[in-house]
Amino acid sequence: MATGDVENIGRHCELEYCGQLDFLPFPCASCKGHYCLDHRSEYAHKCPKEGKAAKEAQKKRLAEQNDSSTPVSTSWTGKPNVLYHEGQCSKTTCKVLIDTTREQGVTCERCNRRYCLSHRHEEQHECKTLTPIGTRPPTVQQRTQSALSKLKLWAENKRKEDEKRRAGPKKSGFLGLGKSSNSSAAVSAQVELNALKRAAKGDAKVPQEKRIYLHVEASSDTTRAKFPTGKFFYSKDISVGRVLDMAAKALMVENVNNRSEKEEDKLRVFHVEGGRLLKFSEKIGDATQNGNMIVLLRGVGDGEPDLIDL
């Protein structure tokens, strides 16, 4: 490749007496010039329009905040003694440019500002002393509560439908020939359980007396499954975590619990009749009964045993 071709790839630093060829030059938001790594700051290249970009960025922020319902301070909140660039880390004493090929930026969910990797944690940028900017994105806890609220309503409706279906039409008690509604419901429940036992799939090596028969679903609003529902039996002595792995495989639900640390990626097991998220360490035979339903959910947090009161 000719020398001229190489020079066409990048740009020379525009600072007098430097002229270094930089393949990823830094643009100055104030004077619109392009500079090398060493001269990227306004101070380093003695910017003739020093502070212009910072003032424009501040005006833009104030205009956006004034358009919202949140009261904001009109005082200058720029960086003291630091030549500010709108692409810098929001830590007042940090000069690092973020969201570049060299440095990734991170948004703090509490104050809604962007920081470099070194100042991404709340205690590192004194987050508790800052007033949040604009509308903060929902936190993991808020997303979890929203998902659990929807799940609670779904579970309540599901249980009411099952109770209504099992109770059936009330029969007359004339001449003592009619059965009570409780007796009718019990008979209906036993019929359903027998049908579940006949249809359920599982490990044939599990003894009959050790089996727990369950309806299993994959919630359509939190996960995708090739088979959304199924009837299975498991050993009463295995853990909920093991049941989750087996059910996810049977319903062909993607399970990345062992590969991802993000809560929004993890699957959890919700027990409809118990109205709670089951702990992975619990034995399935202790947490559920024959004929119960469990639902596979994604991104709802680990929860507390009695977080949902049904």
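A residue is termed buried under 20% relative accessible area, exposed over 50% and partly exposed in between (1.4 Å probe, protein chains only). The model is predicted, with local features requiring pLDDT of at least 70 and side-chain atom pairs counting only at pLDDT 80 or more, whereas totals for chains, interfaces and linings use all residues. Residues are numbered from 1 along each chain as its sequence is written, and side-chain values use heavy atoms, with hydrogens and water left out.

Asn292 counts as buried because its relative accessibility is 9%. Asn292 is located in the loop between helix H6 (284–287) and strand S11 (293–298); helices (H or I, at least four residues) and strands (E, at least two) are DSSP runs numbered from the N terminus. The side chains of Asn292 and His271 are joined by a polar contact of 2.9 Å, a polar contact being a pair of N or O atoms within 3.5 Å; within protein, one must be able to donate a hydrogen and the other to accept it, and residues adjacent in sequence count only if both atoms are side-chain atoms.

An open sheet of mixed pairing comprises five strands in the order S8-S7-S11-S9-S10, where two strands pair if DSSP finds at least two bridges between them. Strand S8 (229–235) and strand S10 (276–278) are the edge strands, each pairing on one side only. Strand S7 (residues 211–218) runs antiparallel to S8 and is joined to S8 by seven bridges; Ile212 has Tyr234 in S8 as its bridge partner.

No disulfide (a pair of cysteine sulfur atoms within 2.5 Å) is found in a search of the whole structure. For Cys127, the nearest cysteine sulfur, that of Cys108, is 3.6 Å away.
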